[in-house]
Amino acid sequence: MTATEPLTLPEPPTSALGGGAGFVVELEAFSGPLDLLLHLLREEQLEIADIPIARIADQFLQAVHELGLNQAADYLDMASRLVRLKVQMLLPRNSEEDGWEDPRAELVRRLLEYQRIREVAVWLGRAAARRAEQFARGYLPPAPVLPPPPLALNLMDMLSAIDRVIAGMPSPVLHNVVARPLNVEAATRRIEDLLAEQDQIRWLDALGSGVTIADVLSTLLALLELAKRGRLRLLQPTPFTPMVIARESPRSAA
Amino acid sequence: MSPLAQLLEAALFSACRPITAEELASLDSEASPADVRVALEQLREHYDFNQHGVELGEMAGGYQILTRPAHAAAIERAQFTVRAPKLTAATLETLAVIAYRQPVGRLEIEEIRGVSAGGVLRSLQERGLIEVVGRSEALGRPLLYGTTPLFLELLGLGDLADLPKAEELTIALRPHRATAEGADEAAAYVEAES
């Protein structure tokens with residue numbers, strides 16, 4: 001089962017919560033802030049319809065804190081709602097006033113609704129467990145249901161068909177084709193021309209002006225090749241100084 | 001067993017999915033829907049009366065031959081097949097909301113469950129338990145989700161009417177568009193409780 005709540009837990013919950021109430025809460029046991037809230041109400045044996053907001057808000061915050069749920073936006077959202085309710089409940093009111101609406105009504109409605117969903121979820125879970133006790137013939141992917149002719153397609157069918165086709169397409173293999181960038185021959189000629197004029201040249205002279213990385217590599221390869229053939233020597237008089245390219249045997253070459 | 005019942009048994013044995021009564025009727029041009037129903041009943045009784053290891057299951061609007069629950073443990077121990085993995089609480093809650101409120105959008109699911117639902121919805125869709133059934137007229141035209149026949153198959157339900165009845169729950173089977181209506185219901189429930 002891959003469906004998990006996107007909750008990140010910085011550290012496993014180890015401490016008891018509820019201020020000495022003495023029960024340990026596992027994060028996995030809760031499927032959301034409403035679940036945690038229901039759990040707290042049940043632990044305290046409180047009526048959903050008449051929640052002591054101040055107490056529950058404090059406990060919720062403590063639970064969230066102790067569970068290390070600080071990063072879970074869903075829990076923080078509920079925590080802020082509870083704190084706001086707590087403040088609203090503290091405001092003085094005239095209870096005989098007709099227009100007064102219990103600020104908890106919305107929360108009560110959500111909790112009751114959520115409780116019903118939990119009820120159904122448990123029922124669904126039992127149904128699935130019962131069904132899992134029975135095996136059918138080996139599974140094969142169901143054959144696609146062919147629409148009766150003439151084709152009665154709607155937009156959603158079309159879109160999902162396109163999605164299926166696109167999902168099945170192999171991603172194209174792209175190669176970056178470049179013209180041969182290295183020109184060792186030209187670099188060799190240039191170095192030989194330079195060495196014909198001078199006994200020694202500097203590395204930077206051999207490169208010329210307006211060089212690209214391909215030119216640098218071409219020149220380097222040409223120098224190494226010429227050095228191998230004994231046409232020049234590569235020198236560095238002292239460390240960190242520019243490399244010097246010297247004609248191997250000035251007289252014979254001249 | 002009648003020749004038709006034998007034919008149906010052969011067809012159901014060969015199939016890897018629930019087969020509807022209409023599909024079964026297409027096996028024999030002579031057979032009327034009533035004949036098929038009678039033959040299916042005969043097949044069911046045959047399995048039950050003679051205490052076969054399999055039974056005639058009825059789900060997702062179709063029929064399927066299934067092993068009896070009593071043999072599940074032994075079959076699984078021998079690793080001939082595996083039991084479907086258990087569904088997580090998040091999955092079940094999300095399925096519950098969708099089953100009762102369909103077509104329903106992500107926002108409404110998140111509102112009811114109090115947590116973000118994107119990941120669960122994606123995985124349910126990948127498993128083919130829910131599907132996009134349309135788009136809401138609301139701002140941004142969000143996608144609306146509904147359950148699939150595979151959902152019924154996974155739970156062994158004939159159709160959505162086999163879910164616990166709406167009267168037994170405070171939530172309505174159809175989505176109530178007006179939120180005020182929902183508040184009234186909850187208020188009425190609160191009064192009844194207190």
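Reader: A residue is called buried if 20 or more other C-beta atoms lie within 10 Å of its own, and exposed if 12 or fewer do. In this predicted model, which residues form the covered face of strand E5 (residues 244-247) of chain A?

Author: In a regular strand the side chains alternate between the two faces of the sheet. In strand E5 of chain A, A:Val244 and A:Ala246 make up the uncovered face, while the covered face consists of A:Ile245 and A:Arg247.

Reader: Which residue stands opposite A:Arg247 in E5(A)?

Author: Strand E3 (residues 200-202) of chain A pairs with E5(A) in the antiparallel sense over 3 bridges, and there A:Gln200 stands opposite A:Ala246. Strand E4 (residues 232-235) of chain A also pairs with E5(A) in the antiparallel sense, over 4 bridges. The residue opposite A:Arg247 is A:Leu232.

Reader: How are helix H4 of chain A and helix H5 of chain B oriented to each other?

Author: Helix H4 (residues 105-132) of chain A packs against helix H5 (residues 89-101) of chain B with the axes 8 Å apart and at an angle of about 110°. Because angles of 65 to 115 degrees count in this way, H4(A) and H5(B) are roughly perpendicular.

Reader: How many nonpolar residues does the contact of H1(B) with H3(B) have?

Author: The axes of helix H1 (residues 3-14) and helix H3 (residues 33-49), both of chain B, come within 9 Å and cross at roughly 75°. Among the residues that meet are B:Leu4 and B:Leu8 in H1(B), and B:Ala39 and B:Leu43 in H3(B). Beside 1 polar and 2 charged residues, the number of nonpolar residues in this contact is 6.

Notes:
Residues numbered from 1 in each chain as written. Chains lettered and ligands numbered in written order. Predicted model: local features only at pLDDT ≥ 70, side-chain atom pairs only at ≥ 80, totals over all residues. Axes fitted to C-alpha atoms, helices over the stretch in contact; angles between N-to-C directions. Helix = DSSP H or I, 4+ residues; strand = E, 2+ residues; numbered from the N terminus. Parallel < 35°, antiparallel > 145°, perpendicular 65-115°, else oblique. Contact = placed C-beta atoms within 7 Å. Nonpolar A, V, L, I, M, F, W, Y, C, P; charged D, E, K, R; others polar. Pairing = 2+ DSSP bridges.
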